[in-house]
Amino acid sequence: LYCLELRDFPGIGRNMERRCHAAGITRVEQLCDLSVAEMSRVWGSTVIGTAWYRMLRGDDVLPPPTHTRTLGHSQVLPPDDRTEERARAVLMRLLHKAAGRLRQSGYWTRCVEVAVTYLGRDHWREVAAIPLTQDTLGLLQTAGKLWSRRPPGRPLKVSITFSKLVARENAAPSLLTEDRERLDLSDAMDRLNRRFGMHSVYFGAMHGQQTGNRTRIAFHAVPDLTLIDP
């Protein structure tokens with residue numbers, strides 16, 4: 001490792017390199033000579049410092065498990081969609097996509113949030129607590145009620161967020177026949193859309209928005225190709 005530069009290590013960028021230099025560390029050999037306590041001071045974290053100490057000695061260090069806390073989508077509206085009717089259709093398309101991701105990821109939600117940013121940058125949001133669910137129709141009905149409470153104005157951006165998520169193995173779904181039938185309907189729609197293409201079947205609330213703006217791929221995540229807009 002001694003022939004490498006500090007910046008050759010993933011996780012040591014420009015700012016971290018400055019911190020190392022400020023601590024008198026300019027060579028990898030000096031970095032490897034640090035104790036756990038010294039490395040923790042440089043990184044400002046005992047957990048990260050300990051992990052680096054072990055990795056530099058060839059140990060396999062697994063990242064701590066992550067827990068999804070929220071799931072959702074947002075979109076800045078193109079000029080032609082900055083009307084209440086078109087903005088609602090965009091919101092419902094985003095909800096369709098988010099509900100599909102929810103089921104694909106194996107999560108259920110207990111909370112729905114609808115948010116709108118208006119031209120002029122005024123912002124509105126409202127949250128509804130709901131029984132544990134992951135079916136699209138029930139989520140559409142909840143989002144529709146929240147949407148009806150929004151203040152007037154010309155929308156610039158809409159977003160839908162599901163929170164208080166519960167993993168499949170910890171979920172206790174409703175035993176009511178109607179709830180189970182709606183979930184079966186959502187599962188059937190997922191299968192059809194995977195087979196014939198996204199938005200081959202959809203609820204009428206998103207009609208006219210089956211093909212919105214193309215999905216933007218973030219640097220930190222690779223999207224599920226079965227759940228993106230064509």
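The model is predicted, so local features need pLDDT of at least 70 and side-chain atom pairs count only at pLDDT 80 or more, while totals for chains, interfaces and linings use all residues. Residues are numbered from 1 along each chain as its sequence is written, and side-chain values use heavy atoms, without hydrogens and water.

Select residues 136-147, helix α6 (helices are DSSP runs of H or I, at least four residues, and strands runs of E, at least two, numbered from the N terminus). At the start of α6, a side-chain oxygen of D135 comes within 3.2 Å of the backbone nitrogen of L137. Nine of the 12 residues of α6 are buried, so the helix is largely enclosed by the rest of the structure (buried means under 20% relative accessible area, with a 1.4 Å probe and protein chains only). Among them are L139, L140 and W147.

Next, select T117 in strand β2, residues 107-118. T117 counts as buried because its relative accessibility is 13%. Its side chain joins that of H123 at 3.0 Å in a polar contact (a pair of N or O atoms within 3.5 Å; within protein, one must be able to donate a hydrogen and the other to accept it, and residues adjacent in sequence count only if both atoms are side-chain atoms). Leaving aside neighbours within four places in sequence, T117 also contacts D122, P155, L156 and K157.

Conventions:
Axes fitted to C-alpha atoms, helices over the stretch in contact; angles between N-to-C directions. Buried < 20%, exposed > 50% of the residue type's maximum accessible area, 1.4 Å probe, protein only. Contact = heavy atoms within 4.5 Å.
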